[in-house]
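Welcome, and thanks for taking a look. Here is a short briefing to read alongside the structure shown below.

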Amino acid sequence: MDDFANIINLLESAKQLASMNSMPVLAYLIDVAKCEARENKPVLRKRKRGESRVKQETEA
């Protein structure tokens, strides 16, 4: 399992814990973070490989 999968699993566990403790806003925010991470998965993997941030900013 790679780092990205571990992060998603940790976020899911945190969401479940927030839900169990009646913290719906926190559960929602964790879900948003999970969605953002999934949308930016290619960018996160490129950064892990050491590609420059400047290169990515010029593409945008």
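This is a predicted model: local features need pLDDT of at least 70, side-chain atom pairs count only at pLDDT 80 or more; totals for chains, interfaces and linings use all residues.

The points below go from the overall fold to the charged pairs.

**Overall fold**
- The chain contains four helices and zero strands, giving the pattern α-α-α-α along the sequence.
- Of the 60 residues in the chain, 15% are buried.

- Lys34 sits in helix H2, which covers residues 24–39.
- Lys34 counts as buried because its relative accessibility is 7%, and the cut-off for buried is under 20%.
- Leaving aside residues up to four places away in sequence, Lys34 touches Ile8, Leu11 and Glu12.

**Salt bridges**
- How many salt bridges does the structure hold? There are two.
- One of them joins the side chains of Glu12 and Lys34, with an N to O distance of 2.2 Å.
- Glu12 belongs to helix H1 (residues 3–20) and Lys34 to helix H2, so this pair ties together parts 22 residues apart in sequence.
- Glu12 is partly exposed, at 25% relative accessibility, whereas Lys34 is buried at 7%.
- Another salt bridge brings together the side chains of Lys15 and Asp31, at 3.6 Å from N to O.
- That pair also links distant parts of the chain, with Lys15 in helix H1 and Asp31 in helix H2, 16 residues apart.
- Lys15 counts as partly exposed at 24% relative accessibility, and Asp31 is partly exposed with a relative accessible area of 27%.

Methods: Residues are numbered from 1 along each chain as its sequence is written. Side-chain values use heavy atoms; hydrogens and water are left out. Helices (H or I, at least four residues) and strands (E, at least two) are DSSP runs, numbered from the N terminus. Buried means under 20% relative accessible area, exposed over 50%, partly exposed in between (1.4 Å probe, protein chains only). Contact means heavy atoms within 4.5 Å. A salt bridge is a side-chain nitrogen of Lys or Arg within 4 Å of a carboxyl oxygen of Asp or Glu.
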